[in-house]
Amino acid sequence: MHQAKLTEAFAPQADEICLVFQKTDATPFYIKVLLKDMFQCVFAPEEISKPKQNVHPYFTDIYGLSVIAVYAGRNDRSVVIEFMDGSCIVFKMYATRSNVLLLSKNNVTEIVRKVHTRDWDFSLDTIDKDIQFYPEQSVEEMLKPMYLPAMVNEYLKEQVAGLAGAECAKKMQGLYNRFATAEEYYIQLKDQQVSFCLWPTEYTIFSSTDLYETLSKFVQFYFRYNLFQERKIKLKSLLQKKAEGAEKYIKKTSEQLLLLYDLIPPNEIADVIMANLHDWKEGVKERELFDFYRNKTIVVQLKEKLSPQKMAEQLYKKSKNRHKQFKQLEVIVEERKLKQEGYKADLASLDSISDYKQLQALELKYQKEEKAVDEIFPFKRYQVNGFEIWVGRNASNNELLTLKYAHKDDLWLHARNVPGSHVVIKYQSGKSFPQDVIEKAAALAAYYSTLKNDSLCPVSYTQKKFVRKFKGGAIGSMKMEREDVIMVVPQDMKEAEGLKRK
């Protein structure tokens, strides 16, 4: 890549970027970086396809500049491409905090994932780290600073099993050096999960001395196997929740039916009242009356301003509808039992599904089932790390969200001192609101405001119980009794898949 010139950088989809370089022989060289929370990878595909529209360009200030160096951070998951003017593109591959940055004179000037606002303070000085192994360290202490996957940790533990002290430290250093200077790369498939390895195993399905080729193959295998498994796991979780929800609903409704069956029928209470008209006292809230159906005295609650005859009349009307209520609840329980059986049957068949067509058919079944329900939910809906975020659509919708749907312990956000959407992070019992969830919700509040095109936007946030409607104010106008303020980059994100509107 040395001497190659950057000719283009663009994002074909959210949370990914493609870089196009022209080599000295005028042939193109591509780098693609995936930054999704579920999967992060840098690889060099043989070709890329660029969407025809809605493509956001990146790093235009360094188009045409030649690459003078490419290097990795020492003991750090970062790669630096340095250009002739001193600018650098950094691939910061830190799991869910991964990002691609452009630096000029060691100052960040552009970032791809704008939700990671702390990356504006990134410095190249942080990417070189020293790792030393000492005889007094345990194996766990030696492994900790390397931040390796569980599979690699297990392999290293096997290699140093039975060793201790200086012998263990020396062996670990040798293994580490071997990984740092790997000459061949491997891809293994175990339990339908693909992993990139630096050593051969019985599960190896591909190997090469070419790192670029192996990385590209790894991405292909990952989406063939791992993504398929992740979709199965996601669908399994959905079906389990549906089955559990149906079970709870059936139990609750059945208990409600039993309570109704145990209650004295309204028409019989009316008969008891009418049988006691000869001895009626005005102005009392309850009376003990003889129930000739059960041959005992019962307490009857009376309504003020209603004569006994009028109250009996109401009870007779109520009794006529009682059998309808029973029938309706019984039908609901039976329908829910059928659905529950369907969920369990699909759960049982899910494990045997081995191709995309079968999986897609089952996914589509439940997408269609919930589409009608999804459409009636009035707000935009997102999910971040297990927390739901709701966003109002307009002034009246904002007011509905804040005054009718938001719980007092929800976190309420709004772009500060400007018109915009009300945003709510739904409270979860016993859990505090994580900072990254607050940042993403604030980015939504900024995006759905009049400051959406600003580079930074102040967003106020507080618990909903500290939010009040302005007396006599316009629809959707609120005031906060207390607030915190966060600065964020306005950014939208895809509405949550699988979170169906209730």
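Color by pLDDT first (the predictor's confidence in each residue, from 0 to 100): the protein averages 87, and 96% of the residues score at least 70. This is a predicted model, so local features need pLDDT of at least 70 and side-chain atom pairs count only at pLDDT 80 or more, while totals for chains, interfaces and linings use all residues. Residues are numbered from 1 along each chain as its sequence is written, and side-chain values use heavy atoms, with hydrogens and water left out.

Then select 497-502, where pLDDT stays under 50. The model has 21 contacts for this stretch beyond four places in sequence, a contact being heavy atoms within 4.5 Å. Where pLDDT is low, the predicted coordinates should not be read in detail.

Next stop: helix H8, residues 395-405. Show Asn-397, Asn-398, Glu-399, Leu-401 and Thr-402, the buried residues of this helix. Buried means under 20% relative accessible area, exposed over 50%, and partly exposed in between (1.4 Å probe, protein chains only).

Jump to Ser-195 in strand E12 (residues 193-197). Ser-195 counts as buried because its relative accessible area is 15%. Leaving out residues up to four places away in sequence, Ser-195 touches Met-151, Tyr-186, Ile-187, Gln-188 and Phe-218.

Most residues other than glycine have a negative phi. Asn-75, however, has a positive phi, near 60 degrees, and sits in the loop between strands E6 (67-72) and E7 (78-83). With a relative accessible area of 24%, Asn-75 is partly exposed. Asn-106 also has a positive phi, about 65 degrees, in the loop between strands E9 (99-104) and E10 (107-111). Asn-106 is partly exposed too, at 29% relative accessibility.

Finish on the surface with Phe-290, Phe-292 and Tyr-293, a nonpolar patch with about 300 Å² of accessible area together. Areas come from the Shrake-Rupley method with a 1.4 Å probe; for residues, only the protein chains shown count as cover. Patch residues have over 30% relative accessible area and no salt bridge; like charges are joined within 9 Å, nonpolar side chains (Val, Leu, Ile, Met, Phe, Trp, Tyr) within 5 Å. A salt bridge is a side-chain nitrogen of Lys or Arg within 4 Å of a carboxyl oxygen of Asp or Glu. Phe-292 is in the loop between strands E14 (286-291) and E15 (296-301).

Notes. Helix = DSSP H or I, 4+ residues; strand = E, 2+ residues; numbered from the N terminus.
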